[in-house]
Amino acid sequence: MVLLRQPTSYDFDNFQKDYHNSNSHQFQEPSGDNASAAFEIAGELFIIGHMPVPIPSGDIEGTAQYAYNWLSALEDTKDHKSHLIVSVVQGPLTR
């Protein structure tokens, strides 16, 4: 999951442009919009779902207590307003 500070800060078109500007692999067959999108990169199928609400604090607190490499996780995540769920669902690496 990717935490976002603003509920409308994710834009799939801008994400595609930023990705293309910084990576050699290109999206294949992108489809979707700001709510949900799917695309393939190097044979891997990715799906992004934008949740226009914060992750419930109870869900973060349970995991953050084990984040030994991110000691300020609770403090750093308390003000997020929405989040992305990013999944890799098919391809050579998932088999």
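Analyst: Exposed means over 50% relative accessible area, buried under 20% and partly exposed in between (1.4 Å probe, protein chains only). This is a predicted model, where local features need pLDDT of at least 70, side-chain atom pairs count only at 80 or more, and totals for chains, interfaces and linings use all residues. Residues are numbered from 1 along each chain as its sequence is written, and side-chain values use heavy atoms, without hydrogens or water.

User: Which residues of helix H1 are called exposed?

Analyst: Lys 17, Asp 18, Asn 21 and Ser 22. H1 covers residues 12–22; a helix here is a DSSP run of H or I, at least four residues, a strand one of E, at least two, both numbered from the N terminus.

User: How do you know that the buried residues line one face of H1?

Analyst: Those are Phe 12, Gln 16 and Tyr 19. Down the axis of H1 they fall within an arc of 70 degrees, so they share one face (the arc uses directions from the helix axis to the C-beta atoms).

User: What do they pack against?

Analyst: Strands S2 (28–32) and S3 (36–41), with contact meaning heavy atoms within 4.5 Å.

User: Why is Asp 11 said to cap H1?

Analyst: A polar contact needs N or O atoms within 3.5 Å, one able to donate a hydrogen and the other to accept it; residues adjacent in sequence count only if both atoms are side-chain atoms. A side-chain oxygen of Asp 11 is 3.1 Å from the backbone nitrogen of Asp 13, so Asp 11 caps the N-terminal end of H1.
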